[in-house]
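Dear colleague,

I am handing over the structure we spoke about, and below it you will find my notes on what turned up when I went through it. Please read them with the structure open beside you.

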Amino acid sequence: MPLTRDTPLTDLPGVGPARGKKLEKLGLRTLGDALEHLPQRYEDRRECCALRDAPRDRPCCVSAMVAETPRVSYIRRGLSLVKVKAVDGTGTVYITFFNQDYIREAVRRGESYIFYGTVERQGNLFLMTNPVFEREGTARTTGLIMPVYPLTTGISNNLIAGLTRRAADSCLDGLPEILPAGLRREHKLCQTQFARKNIHYPADFEALAIARRRLVFEELFVLTCGLAQLKDRRAAGAGRVMEGDVEKFAALLPFPPTGAQRRAMEDMAADLRLGRAMNRLVQGDVGSGKTAVAAFGAWAAAKNGAQCALMVPTELLAEQHARTMEALLSPAGVRVGLLTGSVKGTEKKALLSALAAGEIDLVVGTHALFSQGVEYKELGLVIADEQHRFGVAQRGALAEKSGAVLPHILVMSATPIPRTLALIIYGDLDVSVMDELPPGRTPVDTFLVGEDKRARMYGFVRKQVSEGRQVYIVCPAVEENGGWEDGPGMDLKAVTAYAGELRERVFPELRVGFVHGRMKAREKEDVMGAFHRGELDVLVSTTVIEVGVDVPNASLMVIENAERFGLSQLHQLRGRVGRGKHKSYCVLVTASRSETARERLRALCATNDGFQIAEEDLRLRGPGDFFGKRQHGLPQLKVADFAADMELLKEAREAAQALVAADPELKRPAHRLLRKKVRELFQDNAELFN
Ligand code: ADP
Ligand code: MG
């Protein structure tokens, strides 16, 4: 049987059912899968040196003959050594293997081997420890650039390398080329066979770079083709025509809108007039005033006899937004409702029937807004606030739910998303950027302090309160078992215990409340309400207050164990203060001695520019952590690196847009395979393409 990409790995010698299971954990079932399993990094094992000439600072290969039968010695329980003495024409090397007794049998006196490792010197002696080795002449893992793969327990790199080698040797002929020839020429991309062979077994690093470039391009191209198609489809989708006069709406606001708010609203008004479904992203830093822009949308929808659903990530935020919207819009006759997971029983029934009857114009809520059993009479606009979590998939699902006339969609993002990532995640949206803060804001002064300054920090809290201000104190988590890995000397402030301590011992004279994510919604709301009304001086909380919470009188935020948060998250948190007319502060408390951690936090002290912080965060943590796992609902990328491959992303995206403009359904014969790939990539949200 010739090997093909469909050959199960368990058909290969050396892969039994047990290994097969383990390989499946890595997503490897067939030779084709092995071909797609890409190295994490490479080891340059090409250099071969005489012992005498071996470099001291990096590993190399040494060809040497074993001069004596290897000896094993047992040092103590769990520690054994195999010692091997080998010679080449220039010296003698003493090689030690720890806890690898089998080597005694595997290495024979009188035979020559290639050893790959760092050659150390002690006087005239050469030493090596735990080198990679293989018989001279049968070399498969030395004398080359060796791929290093992601592994799982029980699966060695050599095993996987063996599989990818088989795959590269036997399954590349006839591998179909999905990139059209013209495109490859124009963007100087190598052929698929070359790319797939050299990404595993590069002839040299230049070949590797060429291979990688092609694969990154291909991946980003397929992805952006899919996104371009989505955008196309939405643009073709009919939307309800709505008229909304920004000036008239502005009269309802307690403040004159900023230029940026005005522009975002005008962008929206223009979209709503077109008769096409709007798909707009409003991107603006914390505190730039996005709520007012959302209110404009809801108002316009109501004026035009349609309903608006405003979706937010937390109940806390839903409650707050409902209050704000009610205050702002009910004078204009807009009827506002609240729907979260904790609205239950008769209250919920009444709300649902009012929604279905069209007696509510604006409903604010969590994802409960789109759960089963929620019906709208005339849903005209969906607004997703604080939502990098409202990704392509959710928007697609929503489009599914509605009829021939799609609701308009407005996504508001407060986490400034690095441009690269925004292109991908929101690649199918039009964008309004709000690059201006309301007047009178002064930047939040941010300080980094160690445990030694704790008493002073508490003093500062008292001082703020004595001036009539309010204070947030944020801790990383509610007491959890094993939620965090505690480093040495780190004291994780469990919010409950800590709040108690603050209340009883540190600030007995102040009114201290606390909220965390595990509390009942009603309790949370009570505490938040009290803080909002100024009945509490200090609010101790977890990150439940991260997004959107708005208490302008709060002027100080203390963040405990600050090193445990991502930079963007800290910036979000910090955005809870400095929202009113008072000079505001953020104090980052850390006991961490790690210079990298402190460096990271200092970056936050140095700037208030959310975009700059986001870029830095992305650079430090990569896109996966930036959003949490797959929150953006997009397919996982295998080769491309958002931070490093920005230029190529732009190139691939432009090419994709041009191609989709010319052949929207990818129906041309030359695009058949590409079309298939796009579908495969988006298979988790296949409904988007039907
Ligand atoms: P975002 O959602 O963008 O973080 P918000 O909409 O919550 O910001 O607004 C932050 C604060 O600024 C709120 O207290 C809001 O009332 C106030 N605000 C918004 N726009 C203006 C404006 N044009 N002038 C003055 N204050 C404003
Ligand atoms: Mg907001």
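The structure, which is a predicted model, holds zero disulfides. Cys49 is in no disulfide, and the cysteine sulfur nearest to that of Cys49 belongs to Cys60, at 3.9 Å. A disulfide is a covalent bond between the sulfur atoms of two cysteines. Because two cysteine sulfurs count as a disulfide when they lie within 2.5 Å, the sulfur of Cys61 is too far for a bond, its closest cysteine sulfur being that of Cys48, 5.6 Å away. Cys49 counts as buried, at 12% relative accessibility, and Cys61 is buried as well, with a relative accessible area of 1%.

For the chain as a whole, the secondary structure comes to 22 helices and 24 strands. The chain has 690 residues, of which buried residues make up 53%, and it exposes about 31,300 Å², with carbon and sulfur atoms supplying 50% of that area. If you look at contacts between residues at least 6 apart in sequence, you will find that 74% of them join residues at least 24 apart.

Next comes the ligand. Which residues are closest to ligand 1? There are 16 residues around ligand 1, and the closest are Gly287, Lys290, Thr291, Arg441 and Arg579. By residue type, this shell divides into five nonpolar, six polar and five charged residues. Oxygen atoms of ligand 1 take part in several pairings with the protein: one is 2.6 Å from an N or O atom in the side chain of Thr291, one lies 2.7 Å from a polar side-chain atom of Lys290, and one is 3.3 Å from a polar backbone atom of Ser288. On its own, ligand 1 has 560 Å² of accessible area, and the protein covers 86% of it.

Leaving out residues up to four places away in sequence, Val474 touches Ser541, Thr542, Thr543, Ile545, Met557, Val558, Ile559, Glu560, Phe565 and Leu573. Val474 and Leu588 are 114 residues apart in sequence, while their C-alpha atoms are 9.8 Å apart in space.

Some loop residues are also listed here. Thr30 sits in the loop between helix H1 (17–25) and helix H2 (31–36), and Thr30 is buried, with a relative accessible area of 9%. Apart from neighbours within four places in sequence, Thr30 is in contact with Arg5, Asp6, Thr7, Pro8 and Leu9.

Lys188, in the loop between helix H5 (181–186) and helix H6 (192–200), has a positive phi of about 55° although it is not a glycine. Leu666, in the loop between helix H21 (646–662) and helix H22 (672–681), is likewise a residue other than glycine with a positive phi, near 55°. Is each of them buried or exposed? Lys188 counts as exposed, at 68% relative accessibility, whereas Leu666 is buried, with a relative accessible area of 1%.

Notes
Residues numbered from 1 in each chain as written. Chains lettered and ligands numbered in written order. Predicted model: local features only at pLDDT ≥ 70, side-chain atom pairs only at ≥ 80, totals over all residues. Heavy atoms only, no water. Near = heavy atom within 4 Å. Polar contact = N/O pair within 3.5 Å; in protein donor to acceptor, adjacent residues only side chain to side chain. Areas by Shrake-Rupley, 256 points an atom, 1.4 Å probe, with all protein chains shown as cover. Nonpolar A, V, L, I, M, F, W, Y, C, P; charged D, E, K, R; others polar. Contact = heavy atoms within 4.5 Å. Helix = DSSP H or I, 4+ residues; strand = E, 2+ residues; numbered from the N terminus. Buried < 20%, exposed > 50% of the residue type's maximum accessible area, 1.4 Å probe, protein only.
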